[in-house]
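Let's take a short tour of a protein model, a few residues at a time. Keep the structure in view while you read.

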Amino acid sequence: YEEQIEMHSLDFEEYLWAMGYDSEKISILREYFEKKEKVPEAIHQKLLALLREYTVIGGMPAVVNAFVKNNHFGEAFRIQEMILNSYYDDISKYASTPEKPKVKNAYLSIPKQLAKENKKFQFSVIEKKATARKYENSIEWLRDAGLVKMCHNVTTPDFPLNAYEKDSQYKLYTSDIGILVAMYGLDMKKAIVENTLKGNVKGGIYENLILDILSKRDYQINYYRNTSGSIEVEFLITKDSHVVPIEVKATNNSTISLNTLLEKEDIPFGYKLISGNMGMNEKKIVMPLYMAMFI
């Protein structure tokens, strides 16, 4: 018999281990999550800094190893560029001849897709007047190769989510957050680490970060945008046969869509992930972005 296991790059908790934070220290942090208590400010700021660091380094073992040894973002970027080039080589080797340029261009479009705050993956970002029919095989190739994660919209935020998926409406994210940031170039690392990044691209990167963390905890992840566009929540997951909405905010903005979903009786609670500290507002659990590793 054969058992297939999907391997991931290091998640944020494993990254903390690599950086010298042992299980005891992480357990202390988990207690704040479980008790929904504010994290001491010094610890909170340190974890935010480590999360920004993880965002630009990611979890690819060779990249993490290079950064641990050299403590140099440029060296980590050099390894990430080598990994990206190996991806492009794999596309050239293993994709069928007609698909080769389409697969590569679809993959290269992801940083642009996330910067545009699109409501779904748009083929016109790859190529003017491009259609789903032309590129659907390329998207499937990227998914099957493990280079991307697909996140489908659902017609209704009800259990079971996969019964309500819209096959033609989805977002694409890279399977490793550090690889996404590397695709934007070396200067992007500096902007993220120093927390000076602004605009739609910041929201897209943080969405990919949270999807990275959640997917490595083996959640099936969807998103919800109603037909009128009046309600949109970045992610939906399932816990104990109940749908749990998750809103991701790079800043502490209002969450009208999340508040609306939490009015549903069959949704027990929801998470608002922000750069601020822990808090609780009825069914809405507000917590720092780094706490996603405990969801």
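## Ground rules

A residue is called buried when its relative accessible area is under 20%, exposed when the value is over 50%, and partly exposed in between, using a 1.4 Å probe and protein chains only. This is a predicted model, where local features need pLDDT of at least 70 and side-chain atom pairs count only at pLDDT 80 or more, while totals for chains, interfaces and linings use all residues. Residues are numbered from 1 along each chain as its sequence is written, and side-chain values use heavy atoms, leaving out hydrogens and water.

## A residue in a loop

Is A163 buried or exposed? With a relative accessible area of 53%, A163 is exposed. You'll find A163 in the loop that links β1 (148-154) to β2 (165-174). Strands here are DSSP runs of E with at least two residues, and helices are runs of H or I with at least four, numbered from the N terminus.

Now look for L214, which sits 51 residues away from A163 along the chain. The C-alpha atoms of A163 and L214 are separated by 20 Å.

## Charged pairs

A salt bridge here is a side-chain nitrogen of Lys or Arg within 4 Å of a carboxyl oxygen of Asp or Glu. How many salt bridges does this rule give? The count comes to 14.

Take R78 and E75, whose side chains meet in a salt bridge at 2.7 Å, N to O. Both belong to helix α5 (residues 73-94), and being 3 residues apart there, they're separated by about one helical turn. R78 is partly exposed at 40% relative accessibility, and E75 is also partly exposed, at 23%.

Another salt bridge joins K134 to E127, at 2.9 Å from N to O. K134 has 34% relative accessibility, so it counts as partly exposed, and E127 is partly exposed at 29%.

R225 counts as partly exposed, with 23% relative accessibility. Through salt bridges that share partners, K119, K171, E207, R225 and E232 are joined into one network.

## A buried serine

Where is S257? S257 is part of helix α12 (residues 256-261). S257 counts as buried because its relative accessibility is 11%.

Leaving aside residues up to four places away in sequence, S257 touches S230, I231, E232, V233 and E247, where contact means heavy atoms within 4.5 Å.
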